[in-house]
Every structure is written in structure tokens, then in C-alpha cells.
Amino acid sequence: MIREAERVVFFGGAGVSTESGLPDFRSPKGAAAKKYAYPFEVILSHEFFYDRTEEFFDYYFAEMARPGVRPNAAHFAVAELERKGRLTAVVTQNVDGLHQAAGSRNVFELHGSVHRNTCTVCGAKYTLEDMLARRPVPRCRCGGLIKPDVVLYGEQLPDDAVSGAVRALEAADLVIVAGTSLAVYPAASFLHYTRGRIALVNLTHVASPVSPDLEINDSAGRVLSAAVAEAGL
């Protein structure tokens, strides 16, 4: 399928980064299974961020904003496809920045990034390293609360990422979907924009909103590395 395609788009979720040591949310060993006082959908909400800021950041720094995390084989395989001129875009639900760290350039982050952070008062920008240095509750030099540029429950997806993702999916002749439960909306509905073939890679079977042309239940890193190597590009 990769050999026959000219405009490949990669559509990925949290399962792509689990091999780098980051937890997903819905698997039996994911963040949802851990003992927190509230469900992760509540903790990662707009209201919770402002009403229970310290508890939000306790979760955020434990589960999402982790220093020293490195890209894995899946990220490098996707970046290699872009270098070979076959992949036109990465559409990701992840906020970890690992695709860019692996070398991918055209990345549409539907849910934002932990590497971008903004003061809620003066608009000053901060890096992930700045945030880590300001734990437990990051405050700006002006005294304002710093908010991670991640899309929380109750917030809109960023317009530029949405429009870029839609254009890429509409033009794709192959969409490789990996590491996602396809249970998070509206992100999962984006697959309806493509008319190309769909290859789905996930550790376990997922109920897809569209019928894939191929489904492989295995490690994203192992499958994507082998597929790119065997494509012989």
C-alpha cells in the first residue's frame, strides 16, 4: 500500500507514544486505570484547570509533561516516509511533540502541545522546561497563571490544525491510522474526510468510524518500521 501511494497521511493517537514510556488513557494500563480522585476527563477539563489548578498540575506533570521522553521506532518510521517524499502530513492527537523530535516537519497537532505554554494574563510564552522549573503551579513573571497550550475538555480544537488536517486527509490516497481507540471526538470523525485507502494499526481491535482496507493488531513501532523497510523506498 505504501509503494502504491503518493500522498500518505499518518493519523496517530496515544498508543504511538506508549512505546516511548508515555501512558495512554483507555488501555488497561493507561492513565484512566490509575487511582485518581476524579476521572481523567474531569481533570483534563477547562473548568477543572481553573477551579482545581493544583490538582490539575499534579496530574499533568505526572502523566503528560514528562521530561526526557524520546521518540520510538514508530515516530522515526513516519519521519522517514516524509523524508522519502511519500508522506505529506502527520495528524496527531498527541501533545508530546515526539513526531517533531523524530524529524517530522508537517505536523498538525489537533490537541495542542505541552511544549507551548501561555500566560493567561499577559500572554507571555513559555517552554516545557520553563513549566517544569515553575512547578508545582507554574506562574508567569507577571504573576499570572500559565496554561499549557493543550486542548482541554470543553475547549475548541485549534483552527489552523483542523484546517491543515482536513486538507491533508482530503488529498491523501493512503491514511495510516495507528495507536488510537478512535473514541475521541471530534478527532476520530476526521477520517470521514479521506477518500483514500485506510490502514489501521493498533495493539487490539478498535471499532473504527470508517471501514479500514487493512487492519493489523500489533505494535505500531514494529509494524511501521517493517512496512517502511519492505516498501523499499
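The dialogue below works through the features of one predicted protein model.

Reader: How many helices and strands does the protein chain have?

Author: This is a predicted model, and the protein chain in it has eight helices and nine strands. Along its principal axes the C-alpha trace spans about 55 × 35 × 30 Å.

Reader: How should I read burial, and what percentage of the residues count as buried?

Author: A residue is called buried when its relative accessible area is under 20%, and exposed when that area is over 50%. In the protein chain, 51% of the 233 residues count as buried. The chain exposes about 11100 Å², of which carbon and sulfur atoms supply 50%.

Reader: What percentage of the contacts join residues at least 24 apart?

Author: The count takes contacts between residues at least 6 apart in sequence. Of these, 61% join residues at least 24 apart.

Reader: How many positive and negative side chains are there, and how far apart do the centres of the two sets lie?

Author: There are 24 positive and 27 negative side chains in the protein chain. The centres of the two sets lie 4 Å apart.

Reader: Which residues of helix 8 are buried, and what covers them?

Author: A220, G221, V223, L224, V228 and A231 are buried in helix 8. Their cover includes helix 4 (73-83) and several strands, among them strand 1 (8-12) and strand 7 (174-178). Strand 8 (197-201) and strand 9 (214-216) also contribute to this cover.

Reader: How far does helix 7 reach, and which of its residues are buried?

Author: Helix 7 has 13 residues and reaches 19 Å from its first C-alpha to its last, close to the 18 Å expected. Its buried residues are A161, G164, A165, V166, A168 and L169. The cover over them includes strand 1, strand 2 (87-92), strand 3 (107-109) and strand 7. G164, in this helix, counts as buried because its relative accessibility is 2%.

Reader: Where is T194, and is it buried or exposed?

Author: T194 is found in the loop between strand 7 and strand 8. It is buried, since its relative accessible area is 11%. Leaving aside neighbours within four places in sequence, T194 is in contact with L169, A172 and V175. L169 is also one of the buried residues of helix 7.

Reader: How should I read a cis peptide bond, and which residues does it join here?

Author: Most peptide bonds are trans. Here a cis peptide bond joins R135 and P136, with omega about 10°. P136 is found in the loop between helix 6 (128-133) and strand 6 (146-150). The C-alpha atoms of P136 and G164 are separated by 35 Å, although the two residues are 28 apart along the chain.

Reader: Which residues are in contact with G144?

Author: G144 has its place in the loop between helix 6 and strand 6, and its relative accessibility of 4% is why it counts as buried. Beyond its neighbours within four places in sequence, G144 is in contact with C119, V121, P138 and R139. G144 and C119 are 25 residues apart in sequence and 6.0 Å apart in space, C-alpha to C-alpha.

Reader: Where is C119, and which residues is it in contact with?

Author: C119 lies in strand 4 (residues 112-119). With a relative accessible area of 4%, C119 is buried. Leaving aside neighbours within four places in sequence, C119 is in contact with A124, C140, C142, G144, L145 and I146.

Reader: What is the relative accessible area of D130?

Author: D130, found in helix 6, has a relative accessible area of 26% and is therefore partly exposed. D130 and A79 are 51 residues apart in sequence and 27 Å apart in space, C-alpha to C-alpha.

Terms used: Residues numbered from 1 in each chain as written. Predicted model: local features only at pLDDT ≥ 70, side-chain atom pairs only at ≥ 80, totals over all residues. Heavy atoms only, no water. Helix = DSSP H or I, 4+ residues; strand = E, 2+ residues; numbered from the N terminus. Buried < 20%, exposed > 50% of the residue type's maximum accessible area, 1.4 Å probe, protein only. Contact = heavy atoms within 4.5 Å. Areas by Shrake-Rupley, 256 points an atom, 1.4 Å probe, with all protein chains shown as cover. Lys, Arg positive; Asp, Glu negative; His and termini not counted. Charge placed at Lys NZ, Arg CZ, Asp CG, Glu CD. Expected span 1.5 Å × (residues − 1).
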